Amino acid sequence: MRLVGFRAALVALLVVPVACSNGSSQSSSSSSSSKTVVYATPSLALTMDPCFLPGQQTAEILQNLYWEWVNYKVQPGPNGIQVDNTQDGEAAMTSGVLDSWNISTDGTVYTLHLHKGVIDSTGNELKADDMRWILDRTAHSAGCNFVTNTESITDVSKQVKVMDDYTLQVTLPAPDAQFLRALNVNNGMAFGAATARKHVTDADPWAYEWMKRNAPATGPYMLQSWTPGVEQVLVKNPHWFGPKPSIDKIIYRQVPTDSNRLALMLNGSAQIARDLTQDELDNISKNSSKGVKVQCIAANQFMYAALNFANGPTSQLAVRQALAYATPYSDILSSVYHTRAKRLYGMVTSNYVDYLGDSAYPYNTDVNKAKQLLASAGYPNGLTATVLVDAGQPIHSQIAVLLKDAFSKIGVTLNIDQKPTAAFQDAAFGRKFGDIVLDQNYSFILDPDYHSQVWVGYGPPPSFNFGSFVNDEFIGLQKAGVTTPEGPARATAMKRLQQIFNDQVVWLSVANAPTCFAFSNNVSGYVWHTHNQIIFSDLKVA
Amino acid sequence: MHTGRLLLRRLLYLIVQLWGVATIAFFLVHLIPGNPAQALAGSGASAQSIHGIERQLGFDKPLPQQYVLYLWNVLHGNLGDSIFTGQTVLHDLEQRIPATVGLVTAAMLISVVIGVPLGIYVGLKRSGILSRIAFVYGMLTGALPDFWLGLVLIFVFFYLLRWAPAPLGQLDAIQSAPPHVTGLSLIDSLLAGDWVLFASALGHLVLPALTLVLVYMGNIVKMARSSMSEAMQSGYVEHARAMGLPNSVVLRYAVRNALAPVVTVIAFTYGFLLGGAVLVETIFSWGGLGQYAVQSITNSDYFAITGFVLAAALFMAVIYLVLDLVYAVLDPRIEY
């Protein structure tokens, strides 16, 4: 009798709360029927200050709270997805917080006209002097002054002049072929500076402290609440000057485990999910009957293996060429990316302005040619090399294994040096690695010159030029690319830049990696932007 | 020794312990490869930008100087600022501790309520189906990784059966948290008299707590079983029986003697649960201290990591202090 009672108590302890949970799970499903969207993300935005954007999730939230000075025109792209027009350079830029602009005939003076009535979420208007302050703050901030550097603004007090409440004049030392596109870089976005300036102190003249947790939103959404480690809730900004967004509320919910993000999508508890593995994306695609879909686009993300020019066998051109011919490009696209990626032909993806073309990259998988090149470099019996891999990126590990297998066919023994993310960065930026570094990234500005300066820059370490590639002609073209106005001469120079890159095999150009999201079927309108984040006001909810 | 003197002595030990923990944590954290300034600056930041952020954070100073400054700040109740949340670490910990303490305490209570009677029962009756189940469970429990079990439970009860709510923390995504009193939604919703929220919070607690219970209760069951079994075969039980004492009295003597080692295991398990919560919280998006620790380590957030380690050390120290006091009550022969 006593045993029966004990067992009953045991069962009750487990069953009663589950019964309670059943009711609450039903209530969660109601989110999909309103204009509220639950977005499952591995982490939340960590700051509200656009100057510092640690991680994609911070960038994504801030892209929706603040607005760009200028935007790209949008055009139809692959897979039915609308995309930023990145191939037409500066000509593709259209209004944002700036309504319009005039450029002097010599290309050195920009007169910028602000939209009248850009009111931030606290009710203060953004005016020309506030834009000047944001530019000054950006130029003075270690985390984001690369933006003003790209805009050729080094001294705001001398170069930026407020003409009236809505007009600003920027004088550059020379023409800048990337000026407008640099105004689209998210670290320099337009936030409610009129509000932020009220929180400036002598000790904190740029309101860094206040901006960490407060978001004077100028974009379509504003921050309603922020529960650290749990969620950030965005609601429509009542002062937003653009068209009213379709979604009323976005619950940006932290779900660190990717398999849980998948389960939430399949169960209908979330309407958007990001950072799913390729297998999980397949799972979503196979379960379209459950009202879910995958949207992917191989746009500007590049997967590459930087080769060490300073030391070891990869400092020889023939070895680098051999490795480029030994790389199993098709296998990587099919088995790692499940055909969602594209070939990467050289330094940049095909949607860059002044793209050299697929055929200019001669390296396709050819084991015999690779063996010949290796022998000509003095390694007829092969060699041993090491690849540094970020253990926090499972896809990178898969690629490293495929490279190891493929390289073994030409006698190259590839050791995989897998390190945790922080240690990986330490080794890569500190040039403390063997022969190859495997990494993935993307550029904000799809211009070969900007791209090369970031990823193969000539400055001292730490920089992304992991392989320490140095070439005088390349550097000369990089420097000239900044000040040469757009036109045939610059296009020729940009193509030459890419040709040198291909000739020298600076990287193994592994893949043009995809940007993917999972959506429920009632969410449509995703637009690909250069920053690879979702702009929620692009979306429509049925 | 009087309780007051015991407390005073343990508090003095505690200061030394915390200093040791703070020192080890500080230097170990700085040994971890990685540069928070690099992570904070994001992609595309120049060397100049990264050095600028290092200066802002004070990481350009020599390590001993940073250590002295850190200790000085800790002595003044300042655990530093989290590089990534922008808040003081103390504030971050205060926000997250209730969620974690609530989870591990719930798991602990369930483990004790089920585990101790179960262990005692199977200690008394060494045959029967329940004894066999308890034996197999006891064998399995040490081999079950908590994160794996959590994922399996989510797959079965949330995805397949749809019994459990989404693993989205303490409440459904569309539910607003109750007015903040303790920071634990279960208690706060109860205090607010919001029964819908309470039911939701209780439902959300089930799977993470069950994960911890299934993994960590085994130690309690095994210890209760062996202690009880040993007690029942002891000389004093034989003597009591020979004296003709009723079974209930004999059982009371045996249970009281068997409980002392069980209490020790309970205290240890409470500490282990805090460690277990690190991964379980991440899987269930719990938003507590464990999830904060994982995020801090991922971001090389030095002050946040050392703050977590200090908080965990304090938690353990308090548990052991309580254990000593309970031990003294259970066994008056024990002196400190």
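Modeller: What follows describes the domain interface of chain B and then a helix of that chain. This is a predicted model, in which local features need pLDDT of at least 70 and side-chain atom pairs count only at pLDDT 80 or more, while totals for chains, interfaces and linings use all residues. Residues are numbered from 1 along each chain as its sequence is written, chains are lettered from A in the order in which they are written, and side-chain values use heavy atoms, with hydrogens and water left out.

In chain B, domain 1 comprises 1-84 + 299-336 and domain 2 comprises 89-294, bounds that come from an automatic or database domain assignment. Their C-alpha centres lie 28 Å apart, and 20 residues of domain 1 of chain B are in contact with 21 residues of domain 2 of chain B (heavy atoms within 4.5 Å). Together the two domains of chain B bury about 1,700 Å², 78% of it from carbon and sulfur atoms; buried area is the accessible area (1.4 Å probe) that two parts lose on being put together, summed over both. On the side of domain 1 of chain B, Phe308(B), Phe315(B) and Leu330(B) lose the most area to domain 2, together 34% of what that side buries. Across this interface the rule finds 0 salt bridges (a side-chain nitrogen of Lys or Arg within 4 Å of a carboxyl oxygen of Asp or Glu).

Helix H12 of chain B spans residues 289-298, and its buried residues include Tyr292(B) and Ser296(B); buried means under 20% relative accessible area with a 1.4 Å probe, protein chains only, and helices are DSSP runs (H or I, at least four residues), as are strands (E, at least two), numbered from the N terminus. The cover over those buried residues includes strand S12 (249-254) of chain A as well as helix H13 (302-330) of chain B. After H12(B) comes Ser300(B), with a positive phi near 50 degrees.

How values were computed: Buried < 20%, exposed > 50% of the residue type's maximum accessible area, 1.4 Å probe, protein only.
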